[in-house]
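Subject: Structure handover and what was found

Hello,

Here is the structure for you to look through. Please open it next to this email and follow along.

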Amino acid sequence: MADIGTVRPLWWEDDAICIVDQRLLPEHYRVRRLGDVESVREAIATLAVRGAPAIGIAGAFGVYLGMRSLEGDDWDRRLGEVAEFLASARPTAVNLSWAVNRVVEVGRRTRNTQALLDAALTIWEEDRRLCHRIGEFGAPLLEACTAVLTHCNAGALGTSEWGTALAPIYALQSRGKILHVYADETRPLWQGARLTAWELSQAGIPVTVIPDSAAAVVLRQGRVQAVVVGADRIASNGDTANKIGTYGLAVLARHHHIPFYVAAPFSTFDLSLSCGAEIPIEERSPEELVFAGGRRIVPEGAAVWNPAFDVTPAEYITAFITDRGVIPPPYPEQIAKRIRPEI
Ligand code: MRU
């Protein structure tokens, strides 16, 4: 069994990003070295590295990798191209463009590659701190629970360590309190079954994987006392984009009078957007739905729609668990008060 929080999806070593290729888990634990900006973008786009904070960290290092061999007058133009190249890999999680832009700003100011690397290292280290703070702020909310339900993977694998939705669970574990976690399998890419169940098992936390369609019964039977999920982008009114299926879960939680918490660092809030309708939603290849386990499961000729995220209206969210504390409604006011763009 791993120590609490030792599962890490990525780290910096020998002038390259090392990632655990999440497409291969849980069958294979394989580390890949990403030594250039092209392979960083490809890893983000194909979900070899995934989860909003983790793709932000990868993107931040990607800016350095895209700039490290450059000298001369082309600096500003190249910096803009690298930023656009990386930030366009996935549109929904604002953490990606947030982290890339933060490194780019340092680049514009310093025109120095070492400063780019230092900025990326700072974002990586900072994320670890933010996740632990989310854990500490969230733990009291879940302390009285025996079990919780989560969707997708908003754990260590989606961040630097501990995660967002799973951080309070790790925080409680570090105090000797073990919660049982129900994990939605999370179609069509199975982040709940493959990743959440894997990392919780590594940490010795009991986990039960359910079909997404069993969530309603789990809630009705009172098997869990709270739902806790992560986020990819939160508008200033609290509307929240997260993995497809989150919205349905929030509606179910409301129907069954079960609290629905969204856990995220300040960098997932996009205060430039007034509401969720403005959040760009990634649509992924139909292939992800058409084939399962190497078999075609959708007949030729049938249309397929594969949105990767949905937006949960703020009214369904009991509270946000952030590194700045727990944010209760009313949201536009409370979010504006607690979330500031700078750390
Ligand atoms: O498509 P993914 O696997 O990157 O989607 C991830 C999620 O929706 C997570 O809930 C979110 O990014 C938070 S990760 C701490």
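Which residue in S5 is the bridge partner of Val148? It is Val181.

Before going on, please note how the values were made. This is a predicted model, where local features need pLDDT of at least 70, side-chain atom pairs count only at pLDDT 80 or more, and totals for chains, interfaces and linings use all residues. Residues are numbered from 1 along each chain as its sequence is written, and side-chain values use heavy atoms, with hydrogens and water left out.

**Around strand S5**

Strand S5 covers residues 180-184. Helices (H or I, at least four residues) and strands (E, at least two) are DSSP runs, numbered from the N terminus. Of the 5 residues in S5, 4 are buried. Buried means under 20% relative accessible area, exposed means over 50%, and partly exposed is in between (1.4 Å probe, protein chains only).

S5 has two partners to look at. Strand S4 (residues 147-150) runs parallel to S5, and 4 bridges join them. Strand S6 (residues 207-210) also pairs with S5 in the parallel sense, over 4 bridges. Two strands pair if DSSP finds at least two bridges between them. On the S6 side, Asp184 stands opposite Ile210.

S4, helix H6 (residues 167-174) and S5 make a right-handed β-α-β unit. S5, H7 and S6 make a right-handed β-α-β unit too. To check the hand, point the strands away from you: the crossover is right-handed if the path from the first strand over the helix to the second runs clockwise.

**Domains**

The protein chain is divided into domain 1 (10-127) and domain 2 (133-338). These bounds come from an automatic or database domain assignment. The C-alpha centres of the two domains lie 24 Å apart. Across the boundary, 25 residues of domain 1 are in contact with 27 residues of domain 2. Contact means heavy atoms within 4.5 Å.

**Nonpolar cores**

The largest nonpolar core has 51 residues. Such a core is a set of buried Ala, Val, Leu, Ile, Met, Phe, Trp, Tyr and Cys residues joined through side-chain atoms within 4.5 Å. Ile17 and Val63 have the most contacts inside the largest core. Elements that give two or more residues to this core include strand S1 (10-13), strand S2 (16-20), helix H2 (52-67) and helix H7 (191-202). H2 gives the largest share, 11 residues. Both domains take part: this core draws at least three residues from each of domain 1 and domain 2.

What does Ile17 touch, leaving out residues up to four places away in sequence? Its contacts include Leu10, Trp11, Trp12, Val40, Phe61 and Leu65. A second, separate core has 30 residues, among them Ala231, Leu249, Phe320 and Ile327.

**Helix H9**

Helix H9 spans residues 246-255. Its buried residues are Thr246, Leu249, Ala250 and Ala253. They sit on the same side of H9 because they cover an arc of only 100° around the axis. The arc is that of the directions from the helix axis to the C-beta atoms. Just after H9, His257 takes a positive phi of about 55°.

**A mixed sheet**

An open sheet of 4 strands has the order S11-S8-S9-S14, with mixed pairing. Strands S11 (269-270) and S14 (309-312) are the edges, and each pairs on one side only. Strand S8 (residues 233-235) and strand S9 (residues 240-243) pair in the antiparallel sense over 2 bridges. There, Arg233 has Ala241 in S9 as its bridge partner.

**Backbone details in loops**

Two cis peptide bonds deserve a look. One joins Leu25 and Pro26, with omega about 5°. Pro26 lies in the loop between S2 and strand S3 (31-34). Another joins Pro329 and Pro330, with omega about 0°. Pro330 lies in the loop between strand S16 (325-327) and helix H11 (331-338).

Is Leu47 buried or exposed? Leu47 is buried, with a relative accessible area of 7%. Leu47 is found in the loop between H1 and H2, and its phi is near 70°, a positive value in a residue other than glycine. Arg111, in the loop between H4 and H5, has a positive phi near 50°. Arg111 is partly exposed, with a relative accessible area of 43%.

Best wishes
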